[in-house]
Amino acid sequence: MTHEPTPEHSAAAPHSHPAGTQTAAQPAPVQPAAQPVQPVWTAPVRRTRAGIVTLTVAGLVIGGAALLLVFVYLATFLDAGTLLVGLILALIPLIGISLAVGWIDRWEPEPRPALWFAFLWGAGVSIVTALLFDLGVQLARAGAGAIETDDGFAAAVFQAPLVEEAAKGAGVLLLFWVLRRRFDGPVDGVVYAATIAAGFAFTENIQYFGVAMMEGGSENLGFTFLVRGVLSPFAHVMFTACIGIACGLAVRFRPFPAFATILLGFVSAIFLHFVWNGAFYLVESGSLVAYYLAVQVPLFLGAIMVVVLLRRQEERVTVLRLSEYAAAGWFSPAEVGMLATRDGRRQARSWAARQPQTRKRAMHHFIHNSTRLAFARQRMVNGTAANVDRADESELLGLIQRDRAGVIN
């Protein structure tokens, strides 16, 4: 049975409660922020901020170098003009995906460096991994004297889903491990997975568009852009989002159920990728439109519905957990309505937009840090308090007091 630690040693709340009224789901007022935090338990060893910064910089450098290698590879068979056209066209679906990810990430935004790393992992590291694996397969076949007879069927239908989802999913898992103190649930997983997938699709589209233009001119390029840029820009996002959702759910489980959940996410991503690629080989060309409308469109609409429901769950969690802190005196009921609901936030931001820059910035931080506090509390309630210690909660409560003062003053 999991016992949730109670927040007994953070900053002082405005009110106090009689002895014996504290419960696992009720934050209690504690020692003043000016006093040293004296934990009643041994906090888990965690990375220092310097360590996280080092990992972030290393990840960005490696991802950037991998993307540069990919462009060098593309330049070996695409001339400069063709490469530029492919790049410009690939930016169009990328912008659409980025806007969608920004909307998903709006409630509790992820760190920008982590999102840049996710994009570079997808656009660079994942592509390099897929290319190297494909090269290894070709060399192995050549060494064995094998003759290609299936016109790429095995590579497209079996190899690509397995290798590409493994490469993209490895990036999600890496972020899940490094940022596990900020990885709050399925929405975070969707954001990181979608960003990695967007990077992968961006680089892949440059190649597809460039090859289409080189081999068939503008007509072939237009058809390829219609298929990849208009009809299926979110295909990779939908595949890899299965892994992201699984990682988000895994933060609430013990090790073995978490492992099984993530494995199920990988299997789901590979299967959806297989279904998409296999259709171009297994479905007659005259029936592809009917297949797309009957299978892929409902899958995409279902994915949208799942994301909408997950976002609404984030709002409910924020209201619930901040209400618990309000009961302990940290927030007023009006502040909970302002900080934890869409309408309240909209009105708060509208008000802040007419204020001086310092007050506007304070309102932004007030909303952001309060949401972080709510999700830190949620991890405690879920029994995954190892991902957040008393110092985290105390720091957030101190920041919230600072932010409130900045808004009022």
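Student: How many salt bridges does the structure hold?

Tutor: The structure holds 9 salt bridges. A salt bridge here is a side-chain nitrogen of Lys or Arg within 4 Å of a carboxyl oxygen of Asp or Glu. Keep in mind that this is a predicted model, where local features need pLDDT of at least 70, side-chain atom pairs count only at pLDDT 80 or more, and totals for chains, interfaces and linings use all residues. Residues are numbered from 1 along each chain as its sequence is written, and side-chain values use heavy atoms, with hydrogens and water left out.

Student: Why can side chains pair at all?

Tutor: Side chains of opposite charge can pair when their charged atoms come close.

Student: OK, which residue does R379 meet in a salt bridge?

Tutor: R379 meets D184, at 2.1 Å from N to O. R379 lies in helix α11 (residues 357-381) and D184 in the loop between α4 (153-178) and α5 (186-231), so the pair ties together parts that are 195 residues apart in sequence. Helices are DSSP runs of H or I, at least four residues long, and strands are runs of E, at least two; both are numbered from the N terminus.

Student: Is that pair buried or exposed?

Tutor: R379 is buried, at 4% relative accessibility, and D184 is buried too, with a relative accessible area of 6%. Buried means under 20% relative accessible area, exposed means over 50%, and partly exposed is in between (1.4 Å probe, protein chains only).

Student: And what does E315 pair with?

Tutor: The side chain of E315 forms a salt bridge with that of R342, at 2.9 Å from N to O. E315 sits in helix α8 (residues 288-327) and R342 in helix α10 (residues 342-353), so this pair ties together parts that are 27 residues apart in sequence. E315 counts as buried at 15% relative accessibility, whereas R342 is partly exposed at 42%.

Student: Which residue is the salt-bridge partner of R377?

Tutor: R377 pairs with E324, at 3.8 Å from N to O. This links distant parts of the chain, since R377 is in helix α11 and E324 in helix α8, 53 residues apart. R377 is buried at 0% relative accessibility, and E324 is buried at 10%. Salt bridges that share partners join R321, E324 and R377 into one network.

Student: Change of topic. How many helices and strands does the chain have?

Tutor: The chain has 12 helices and 0 strands.

Student: How much of the chain is buried?

Tutor: Of its 409 residues, 44% count as buried. The accessible surface of the chain is about 20,300 Å², and 69% of that belongs to carbon and sulfur atoms. Accessible areas come from the Shrake-Rupley method with a 1.4 Å probe; for residues, only the protein chains shown count as cover.

Student: What about the inside? Which residues have the most contacts in the largest nonpolar core?

Tutor: They are L175, F176, Y192 and C247, in a core of 54 residues. A nonpolar core is a set of buried Ala, Val, Leu, Ile, Met, Phe, Trp, Tyr and Cys residues joined through side-chain atoms within 4.5 Å. Elements giving two or more residues to this core include α1 (49-75), α2 (80-104) and α3 (112-143). The largest share, 15 residues, comes from α5.

Student: What does F176 touch?

Tutor: Leaving aside its neighbours within four places in sequence, F176 is in contact with F183, C247, A250, V251 and I262. Contact means heavy atoms within 4.5 Å.

Student: Last one: which residues of α9 are buried?

Tutor: In helix α9 (residues 333-340), E335, V336, L339 and A340 are buried. They cover an arc of only 100° around the axis, which puts them on the same side of α9. The arc is that of the directions from the helix axis to the C-beta atoms. The face turned away from the buried side of α9 carries the exposed residues P333 and A334.
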